[in-house]
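My entries follow in the order in which I checked each item.

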Amino acid sequence: MDKILVIVEHKNGLLKKVSQQILGFISDFCRQSEKKILVLIYGEKIAERLFEEVASWGADEIITIENQCFANYNPAIFIPTIADVIKKNSPQLVFFGNTAVGRDLSPRLAQYFNSYMISDVIDIKIEKDKFCFTRPVYGGKLFEEVETNGELVFVTVRPNSFGNSVNYHKNPHIYNIEPKAITNFSYMVSDILRKESEEKSLSEAEIIVSGGKGLKSAENFVLLEELARVLGAAVGASRSAVDAGWRPYSSQVGQTGKTVKPKLYIACGISGAMQHLAGMSTSQVIVAINKDPEAPIFKVADYGIIGDLFEIVPVLTEELKKIFKD
Amino acid sequence: MKILVLVKETFDTETKIVLENSKKINNEGIKYIINPYDEFAIEEALRIREKFGGEVVIYSVGRRESEVTLRNGLALGADKAKLIVSEKIDSITVSKLLAENITKEEFEIILSGWIAIDDNNAQVPARLSQLLDIPLVNVVTKIDFSDDKIICHREGDNTVEIIKVSPPAMIAVQRGINEPRYPTVKNILQAKKKQIDLIISENNEDINRINITYQLPEVKKAGLIIDGSKPEKAVNILIQKLKEAKVL
């Protein structure tokens, strides 16, 4: 029987959203086919409720690597053990979220097995056992459709690409494996600095409020932070706002920044240069607030308000506060 | 210190993509640039050379004409360039060609951008490091040297990982690591005389076991434009629409 392996990530005892989305999608598909879902969870400690969560997505087998060595990501430690899991189970597809870990681990494993990898997938079509993956290239100006022929392929999925699925509970077979002894100490993780603020991760956020040159100063970003707090959103920025030193590089959305696909993207005072559009054009709904009616951002916006963001944004924040209070 | 920098030639970011057919992108009249992430890698290599001395060699795989683009890298200050001419530039082929040629070199560091803006694959650094059997630190925003170790800041999801590796090592850099310089007139003139070695690849093996086609995105239908001269009214219309679209 064909197998699909999903390598999931978790935080604070819960699956990361992108892992949940992949499992949901795969489980919808596997219900109508003969394929088996294997889920690999690793970590220093794996919370009990994670098993329930994974089981609720129709996993047939849950493989755990519960070990101190797997507390922090280190490719030199991860590859031998995970490669072993792949060898023993010979899945047809191996899925990762397109996250810091997935992006790094997946191509290394793909090379280890001399296999193809399909990066940053936003859609999957399945026809009679054939998989067709869609991924944006050239900054979203073109879509590449990749059809595989059944051999082992590694796939990373962009967060927020799949909607919610219906749970489908199974009683999976659960077993733990021990990490392989490490002989390679060439890559050492000497420290991990967590960002001070509980800053929301841009690439996983469902809603993003983003600001550009129109914000005029670093201080004015407070307006967007307030709006973001009401919406439970992350705050992004255009390249010009980052270049001006108003926001950190890590918050830049665009061709040389983060690529995001939230449910709702609110662009404030962003003109919409090609470089920015490359990072956000696959968002589900785009709202633009800009003074300049000619700004190219209005070409991609689903809803555009032509007006002064310093007048509009505070009103929007207040109105949303009222709604969320009810 | 000998530093190799992997450079990919890409379409200019402002390029409008036109398809010849579902398999081929029309490249008539395209303006080419160095992949912006690779520019950060060149800049970082130059800074390391300025500190420790040594040599910066650009490596690229691509069409013969990309020599022109590679000259721009030499104009920034790299010492020489090697171009492996290949029609196929998928990640697997490129990594293999680079590995075959780089194994012949003595080097301390390989630098590259962590992703290319055209194919969005981000696979070559990982594949090449596996083939060469050297450590790779991926998505790096800072490089320091201490004793015989290279200390990198690697971007995680909301974290910064401090990674230590020993040379020879590969480092794939992220935006934020530096501000690339502009070429000086003197360097532009010198670049004309610098050496670009052409290496003709004999890799004709067909590894196309997957089928790739292209599709242009559907043209988005025009959105709703709301007059914002009365903020309250505009905001109410927007909220109503967002509720209807079920995003609120």
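Entry 1. In this predicted model, I looked up helix α5 (residues 221-231) of chain A against helix α9 (residues 309-325) of chain A, and found them packed at an angle of about 20 degrees with their axes 9 Å apart. This makes α5(A) roughly parallel to α9(A), a label for angles under 35 degrees, with over 145 counted as roughly antiparallel, 65 to 115 as roughly perpendicular and the rest as oblique. Axes here are lines fitted to C-alpha atoms, for helices over the stretch in contact, and angles run from 0 to 180 degrees between N-to-C directions; helices (H or I, at least four residues) and strands (E, at least two) are DSSP runs, numbered from the N terminus.

I noted that the contact (C-beta atoms, placed from the backbone, within 7 Å) takes in, among others, Leu223(A), Leu227(A) and Leu231(A) of α5(A) and Val313(A), Leu320(A) and Phe324(A) of α9(A). By class, I read 10 nonpolar, 1 polar and 2 charged residues there, where Ala, Val, Leu, Ile, Met, Phe, Trp, Tyr, Cys and Pro count as nonpolar, Asp, Glu, Lys and Arg as charged, and the others, Gly among them, as polar.

Residues are numbered from 1 along each chain as its sequence is written, and chains are lettered from A and ligands numbered from 1 in the order in which they are written. Local features need pLDDT of at least 70 and side-chain atom pairs count only at pLDDT 80 or more, while totals for chains, interfaces and linings use all residues.

Entry 2. I turned to the domains of chain A, which an automatic or database assignment sets as domain 1 (3-176) and domain 2 (207-325). Their centres, taken over C-alpha atoms, are separated by 31 Å, and the contact takes 8 residues from domain 1 and 7 residues from domain 2.

Entry 3. Between the chains, I found 66 residues of chain A in contact with 61 residues of chain B, and strand β13 (residues 187-194) of chain A gives the most to the chain A side, with 8 residues. That side has 30 nonpolar, 17 polar and 19 charged residues.

Entry 4. I listed Arg71(B), Leu74(B), Ala75(B) and Leu76(B) in α2(B) as meeting Asn187(B), Ile188(B) and Ala191(B) in α5(B).

How values were computed: Two residues are in contact if their C-beta atoms, placed from the backbone, lie within 7 Å.
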